[in-house]
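Subject: Structure handover

Hello,

Here is the structure you asked for. Please look it over before reading my notes, which follow below.

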Amino acid sequence: MALVDLVMPKLGESIMEATILKWHKKPGDAIKQDETVLDIATDKVDSEVPSIAAGTLAEILYKENDVVPIGSVIARIETNGAENGMPATSAFETVAETEMEAQPVEEQVPYVPEHTTTVAGSVTNVNRFYSPLVLNIAQSEGISMSELENIPGTGSESRVSKKDILKYVESRKLAVSSQQSAVSKPFTIEERETRNEKPETAFAGNVEIIEMDRMRKMIARHMVESKHTSAHVTSFAEADVSNIVMWREKVKKEFEKRENTKITFTPIFIDCLVRVIKRFPMINSSLDGDRIIIKRDINISMATALPSGNLIVPVIRNADHLNLVGLSKQVNMLADNARNNRLRPDDTQGGTFTLTNVGTFGSLMGTPIINQPQVAILAVGAIKKRPVVIETAQGDTIGIRHMMYLSLSYDHRIVDGSLGASFLTAVAKEFESWSMERQG
């Protein structure tokens, strides 16, 4: 008999932990290879974890609602394989797995600013060994080699582990000392939410108290964190989208018959949006300390409502490389997967700019909250027919047009009012100049 470790799988580049929602098996149960063993959740999506081997579930190491670091062993499976003294390697094992092993609590490393050359690669001229993962983190965080050499290591032979360097990065940013729990000690969502426990409030009158579900708690925390992180400013504009409305009405039946997918307003808006983003690259950026990171890839996050009423934000990658057909298929596929809980963790990662259609719910306009770490989010309102003044060469006239309000929330730390307003005005003009002769 042999024991195979089932580890918490890697769910995306920026995801460091996941919550165990439900175990489908208990110790002693027989398991087939690729059979679902448990459900897990990140702050964005839920996923199933399949078994990597056939056998019997020997041990469960974490309970439901435990928050577990990526790469941690969560269960062991007893197989019929030959015993060779070494556990079988999990198909989900990552490079960082050995660095995520349980370590004792160590003292917080104080931040000592240094102005020296940063780490530039994975090969160093010192005797101390650093894994590629640690070196990559050091390079991205601007940690100099001399700083790296002074970080106490808790790994084998005093090596600096991923946990050590992430802890050091946190101390640099906060510049304060605080206690930190050991990686191996799991804690539940409930424990997390009650760390700053407040006395229960007594409510008078006839009330109904409803506990937030897990996703709503995540959304609430992200929204508050965004407000605390970014200096929010919102600008507004109005666009005459009559050409878009009439063009879509003209081509939608033929488009659906030919492409086997519907054409909605969202891919049209994205098609216009990416052209304007190319002219205003600062809108497609993020902030890392005092460094502005301009993204060359244009990955449009698309706010999508779930049946529960919560919002999720799947990402259309390289939207500027897709034509209208490709955008329509991506929008429809991601929206359908979101509604049916089929999104993968990577489907919500890597967005550089967000579009939210508040008009879907009948709202004329909104003041959206920035989707961190992005610096801007565009909201499009409901399209309404209104009498407006139309300027022509023969003089002004009044006509019935399809009008829509746009609102852009942006991070004033990076995006000044002139840039934000100019970008928004350019988007409105792009909507208005949609060609009626365009081929669908």
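How many of the residues of strand β18 (residues 376-380) are buried? The count is 5 of the 5, so β18 is largely enclosed by the rest of the structure. Buried here means under 20% relative accessible area, with exposed over 50% and partly exposed in between (1.4 Å probe, protein chains only).

Before the rest, some ground rules. This is a predicted model, in which local features need pLDDT of at least 70 and side-chain atom pairs count only at pLDDT 80 or more, while totals for chains, interfaces and linings use all residues. Residues are numbered from 1 along each chain as its sequence is written, and side-chain values use heavy atoms, with hydrogens and water left out.

Overall

The protein has 440 residues, and 44% of them are buried. Its secondary structure comes to 9 helices and 20 strands; these are DSSP runs numbered from the N terminus, helices being H or I of at least four residues and strands E of at least two. Of the contacts between residues at least 6 apart in sequence, 67% join residues at least 24 apart. Contact means heavy atoms within 4.5 Å.

Around β18

Both faces of β18 are covered: Ala376, Leu378 and Val380 are buried on one side, and Ile377 and Ala379 on the other. β18 runs parallel to β17, to which 4 bridges join it, and Asn357 stands opposite Val380 of β18. With strand β20 (residues 395-411), β18 pairs in the antiparallel sense over 5 bridges; here Ala379 is opposite Ser407. Two strands are taken to pair if DSSP finds at least two bridges between them.

Thr356 lies in β17 (residues 353-357). Thr356 is buried, its relative accessible area being 12%. Leaving out residues up to four places away in sequence, Thr356 touches Ala303, Pro368, Ile377, Leu378, Ala379 and Val380.

Helices

Helix α9 (residues 417-432) has 16 residues and reaches 22 Å from its first C-alpha to its last, close to the 22 Å expected at 1.5 Å a residue. The expected span is 1.5 Å times one less than the number of residues. Buried residues in α9 include Gly420, Phe423, Leu424, Val427 and Phe431. The buried residues of α9 pack against β10 (232-240), α6, α7 (265-279), β17, β18 and β20.

Helix α3 (residues 162-174) has 13 residues that should span 18 Å, and its end C-alpha atoms are 18 Å apart, which agrees. Among its buried residues are Lys162, Lys163, Asp164, Lys167 and Arg172.

Helix α6 (residues 242-259) packs with helix α8 (residues 324-339) at an angle of about 75°, their axes being 13 Å apart. Axes are lines fitted to C-alpha atoms, for helices over the stretch in contact, and angles run from 0 to 180 degrees between N-to-C directions. That makes α6 roughly perpendicular to α8, the term for 65 to 115 degrees; under 35 is roughly parallel, over 145 roughly antiparallel and the rest oblique. Trp247, Phe255 and Glu259 of α6 make the contact with Leu324, Val325, Ser328 and Lys329 of α8.

A second sheet

An open sheet of 4 strands has the order β1-β8-β6-β3, with antiparallel pairing. Its edge strands, each pairing on one side only, are β1 (2-7) and β3 (30-31). β1 pairs with β8 (residues 73-79) over 6 bridges, and the bridge partner of Ala2 in β8 is Thr79.

Regards
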